Amino acid sequence: STEACSTEVLGAMVSRRSLALVLAAGCAGAAHATEARASLNPIRKVVNMLQAMQKKIVAEGEAEQELFDKFMCWCKTGNSELTASIEAAKDKVPSVTAEIEASEGKIA
């Protein structure tokens, strides 16, 4: 009687393990089939393409923002440099005009 119980318990344990292995293998196979179906799914392809486009657009936006920041910095610093250059040229105009008139006087 004890031996019969042990055999039944052992048989039940073996069948549970077998069932667990079969279920695990089935789940793994189903997961693989789902992945394969997802890779062939046209909607998944479109979603993947849109995600790739989003990454590309974000990267382009960051590059454009960096260029814009550099341009704005140049505008701020370039304006003061340009103003100083114009003022220096205005100060030179009378002396250059006098030199031109003196040179014309020597030629004539």
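**A charged pair on a helix**

Guide: Lys 70 counts as exposed, because its relative accessibility is 51%. Exposed means over 50% relative accessible area, buried means under 20%, and partly exposed is in between, with a 1.4 Å probe and protein chains only. This is a predicted model, in which local features need pLDDT of at least 70 and side-chain atom pairs count only at pLDDT 80 or more, while totals for chains, interfaces and linings use all residues. Residues are numbered from 1 along each chain as its sequence is written, and side-chain values use heavy atoms, with hydrogens and water left out.

The partner of Lys 70 is Glu 66: their side chains meet in a salt bridge, with 3.6 Å from N to O. A salt bridge here is a side-chain nitrogen of Lys or Arg within 4 Å of a carboxyl oxygen of Asp or Glu. By that rule the count is 1 salt bridge. Glu 66 is at 46% relative accessibility, so Glu 66 counts as partly exposed. Both residues belong to helix H2, which covers residues 42-107, and they are 4 residues apart, about one turn of the helix.

Now the surroundings. The protein has 2 helices and 0 strands; these are DSSP runs, with helices (H or I) of at least four residues and strands (E) of at least two, numbered from the N terminus. Of its 108 residues, 1% are buried. The accessible surface is about 9600 Å², and carbon and sulfur atoms hold 66% of that area. Such areas come from the Shrake-Rupley method with a 1.4 Å probe, and for residues only the protein chains shown count as cover.

Helix H2 also contains Leu 50, which is partly exposed because its relative accessibility is 48%. Leu 50 is one of the residues in a nonpolar surface patch, together with Val 46, Met 49, Met 53 and Ile 57, and the patch has about 470 Å² of accessible area.

Last, the cysteines. The structure holds 0 disulfides, a disulfide being a pair of cysteine sulfur atoms within 2.5 Å. Cys 73 is in no disulfide, and the nearest cysteine sulfur, that of Cys 75, is 9.3 Å away. Cys 75 is likewise in no disulfide. Cys 73 has 46% relative accessibility and therefore counts as partly exposed, and Cys 75, with a relative accessible area of 27%, is partly exposed too.

Methods: Patch = residues over 30% accessible without salt bridge, like charges linked within 9 Å, V, L, I, M, F, W, Y side chains within 5 Å.
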